[in-house]
Amino acid sequence: MIYTPRIAPFINVNFWVTSIFGPRGSGVHRALDIATASSGGSVPVYSMGNGHVLYVNNNKDASTYGYYIIYKDDTTKNAFLYAHLRDPLTLSVGDTVKIGDFIGMEGATGNATGLHLHLEIQNLGDSDTWKYGQPLSAMINPADFMGIPNVKNTECYYVGTPTPPEPGKPLLIKSKFKWVLYSRKIRSR
């Protein structure tokens, strides 16, 4: 059976629960791990909230999370941590995100054994401070948030309209002694 989530960080691609939220081995897992199992490599990861970026880690060796981002939905006050992303992030602290915005690529940076997205959710209320190591009772189960079973190997498919990634900084190329700003098609003399 393929479940249809209410919302998901993967859009228009099948994904599976690879590790559940809750007790795991002798400890607890404060997240839901989901993966696309894509044979073509990692796939884009998208925002599930409308808000602003609280934290960006672009040093993959500084954390067991690898490259990761935390953003907060301004209406619900839920904050989302996306970890193990493939590449350094183009978003910065304070940037705004809306549902369906490109965040990064599914990855395996940090302490990861394969391509997947580690997803944690906390309600921060009026604070903008993520609290690491919270008890499970202080966390939001991402499976419940998405409306899928918190069961390993659950297959899901979310249909949505993703927003394409923002282009990088414009590239200036010197051509016939004129500088041309190609990304905006503006010429200057």
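Mentor: Start with the chain as a whole, and keep in mind that this model is predicted. Of the 189 residues in the chain, 43% count as buried. The accessible surface comes to about 10300 Å², and 53% of that belongs to carbon and sulfur atoms.

Trainee: How many helices and strands does the chain have?

Mentor: One helix and 17 strands. Among contacts with a separation of 6 or more, 63% are between residues 24 or more positions apart.

Trainee: Which residues of strand β9 are buried?

Mentor: The general idea for strands comes first. In a regular strand, side chains alternate between the two faces of the sheet. In this model, β9 covers residues 78-85, and eight of its eight residues are buried.

Trainee: Which strands pair with β9?

Mentor: Strand β8, residues 67-73, pairs with β9 in the antiparallel sense over five bridges. β12 also runs antiparallel to β9, and six bridges join these two.

Trainee: How do I read a pocket?

Mentor: Rolling a probe the size of a water molecule over the atoms shows where empty space is left. Here the largest pocket holds about 410 Å³ of space. Its lining consists of 26 residues, and those nearest the centre are R24, H29, D33, H84 and H118.

Trainee: Which strand gives the most to that lining?

Mentor: β12 does, with three residues. At least two residues each come from β2 (14-19), β4 (27-29), β5 (32-35) and β12 (117-123). By type, the lining of the largest pocket has eight nonpolar, 13 polar and five charged residues.

Trainee: Now a single residue. Where is P5?

Mentor: P5 sits in the loop between β1 (2-3) and β2.

Trainee: Is P5 buried or exposed?

Mentor: Buried, because its relative accessibility is 5% and the cut-off for buried is under 20%.

Trainee: What does P5 touch?

Mentor: Leaving out residues up to four places away in sequence, P5 touches F15, M146, I148, C156, Y157 and Y158. P5 and G147 are 142 residues apart along the chain, yet their C-alpha atoms are separated by 5.2 Å.

Methods:
Residues are numbered from 1 along each chain as its sequence is written. This is a predicted model: local features need pLDDT of at least 70, side-chain atom pairs count only at pLDDT 80 or more; totals for chains, interfaces and linings use all residues. Side-chain values use heavy atoms; hydrogens and water are left out. On a 1 Å grid over the protein atoms alone, a cavity is a set of points where a 1.4 Å probe fits but cannot get out, and a pocket is an open set with protein on both sides within 12 Å along at least five of seven lines; lining residues have an atom within 4 Å of a point. Grid points are joined across faces, edges and corners, and a volume is the space filled by probe spheres set on the points. Helices (H or I, at least four residues) and strands (E, at least two) are DSSP runs, numbered from the N terminus. Ala, Val, Leu, Ile, Met, Phe, Trp, Tyr, Cys and Pro count as nonpolar, Asp, Glu, Lys and Arg as charged, and the others, Gly among them, as polar. Buried means under 20% relative accessible area, exposed over 50%, partly exposed in between (1.4 Å probe, protein chains only). Contact means heavy atoms within 4.5 Å. Accessible areas come from the Shrake-Rupley method with a 1.4 Å probe; for residues, only the protein chains shown count as cover. Two strands pair if DSSP finds at least two bridges between them.
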